[in-house]
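Here are some notes for a colleague who is opening this structure for the first time. Please read them with the sequence and the model side by side.

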Amino acid sequence: MSDGPGGIVTSRSSPVRVALALGSGGARGYAHIGVVEALRERGYDIVGIAGSSMGALVGGLQAAGRIDEFADWAKSLTQRTILRLLDPSISAAGVLRAEKILVAVRDILGPVTIEQLSIPYTAVATDLLTGKSVWFQRGPLDEAIRASIAIPGVIAPHEIEGRLLADGGILDPLPMAPLAAVKADLTIAVSLNGSEAIASRAEEPSVTVEWLNRMVRNTSALLDTTAVRSLLDRPTARAVLSRFGSEDADGEQPDGIPDSADNANDIRAPTEVPKLGSFEVMNRTIDIAQSALARHTLAAYPPDLLIEVPRSTCRSLEFHRAAEVIAAGRALAEQALDTLEMNVDEPAAQAIEG
């Protein structure tokens, strides 16, 4: 017998091998970093990773040994910096080009292929033409990540070898199946679609909102107002503005939408039904569909441990909140691992007493 992860006595003399499934969920994916940190500090050995969208990004960085460098960089980002990196552009395929942020990620990763990674890794994307999931298990790591993070209607799809690829979370928000072949003692799934709130936070003045509104006003001065309005009334543009919590050029919430229920400060009477605009309905529809898909996946491939990050942790495009979301993921992981380790060690303790 020896001291195991977290200082708890276990019957294992070698590190517990973990296969990790990292789900999709935009900026909430920073929580994956906190989960990885908790696992490493307790001596777990991550031997396989599969990820969709932000899960593919964080998983790839961990597999390449660059996750600490990325975490430090992410914590330094401000709202204004995020907007410039996401490179907003009203277009048919996506409102955000996101190439600048991929350049930054490539600088951190370096020229590495999936085959060169020290552990098995799978990035999941969705082929928009065939309607099927695509698993990246070879080829350039940055290309696999770029394909997997293309959020529908927000970040433009990525074309590779005649395939038009988008966010892996469309069909597989919690990719468990790729881990079936990984030799591990423990399978852990991290879902970013949990329903319970963890904490409230005061609403802060948004530099992002001011930046977007200024961009709208400047554009309106250059182009015909009616034409600009028609562009901003597109579902893709409205969805992005609402995800940032932005107001339109007249200072009103898009489509008359009150601040979403994801805002912890939105206090309503318990019996009041929230009034949702069309684009808030669209966003919630995506969340509900992904939660349902994740439940089906978990039923088919049940993990040994499920860690759920609440949707209320942050909005999907609040990438400037890295520090607090990483901390939230770490706290959730530590709580889950404490429970797991206590349950695992109880039979061993009983055997010793007997």
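At what angle do the axes of helix α5 and helix α6 cross, and within what distance do they come?

1. The axes of α5 (residues 99-109) and α6 (residues 141-148) cross at roughly 145° and come within 10 Å, where axes are lines fitted to C-alpha atoms, for helices over the stretch in contact, and angles run from 0 to 180 degrees between N-to-C directions. The crossing of α5 with α6 is right-handed; a crossing is called right-handed if the near helix is turned clockwise from the far one by less than a right angle, and left-handed if anticlockwise. On the α5 side the contact (heavy atoms within 4.5 Å) is made by Glu-99, Leu-102, Arg-106 and Leu-109, and on the α6 side by Leu-141, Asp-142, Glu-143, Ile-145 and Arg-146. By class these residues are four nonpolar, five charged and no polar, with Ala, Val, Leu, Ile, Met, Phe, Trp, Tyr, Cys and Pro counted as nonpolar, Asp, Glu, Lys and Arg as charged, and the others, Gly among them, as polar.

2. A word on the basis of these notes: the model is predicted, so local features need pLDDT of at least 70 and side-chain atom pairs count only at pLDDT 80 or more, while totals for chains, interfaces and linings use all residues. Residues are numbered from 1 along each chain as its sequence is written, and side-chain values use heavy atoms, with hydrogens and water left out.

3. For the chain as a whole, the secondary structure comes to 11 helices and 10 strands, these being DSSP runs numbered from the N terminus (helices H or I, at least four residues; strands E, at least two). Of its 354 residues, 51% count as buried, meaning under 20% relative accessible area, as against exposed at over 50% and partly exposed in between (1.4 Å probe, protein chains only). Among contacts with a separation of 6 or more, 74% join residues 24 or more positions apart.

4. Helix α1 (residues 30-41) has 12 residues and reaches 17 Å from its first C-alpha to its last, close to the expected 16 Å, a span defined as 1.5 Å times one less than the number of residues. Because 10 of its 12 residues are buried, α1 is largely enclosed by the rest of the structure; His-32 and Glu-37 are among the buried residues. Just after α1, Gly-43 takes a positive phi of about 85°.

5. Helix α1 also packs with α2 (residues 54-63) at an angle of about 35°, with the axes 9 Å apart, and this crossing is right-handed. Tyr-30, His-32, Ile-33, Val-36 and Arg-40 of α1 meet Met-54, Gly-55, Val-58 and Gln-62 of α2, which gives five nonpolar, three polar and one charged residues.

6. Thr-122, in strand β5 (residues 121-127), is buried, with a relative accessible area of 4%. Leaving aside neighbours within four places in sequence, the contacts of Thr-122 include Ile-49, Trp-135, Phe-136 and Pro-178.

7. The C-alpha atoms of Ala-184 and Ile-46 are separated by 8.6 Å, although the two are 138 residues apart along the chain. Beyond four places in sequence, Ala-184 is in contact with Arg-17, Val-18, Ala-19 and Val-47, and Ala-19 is also one of the residues that Thr-187 touches.
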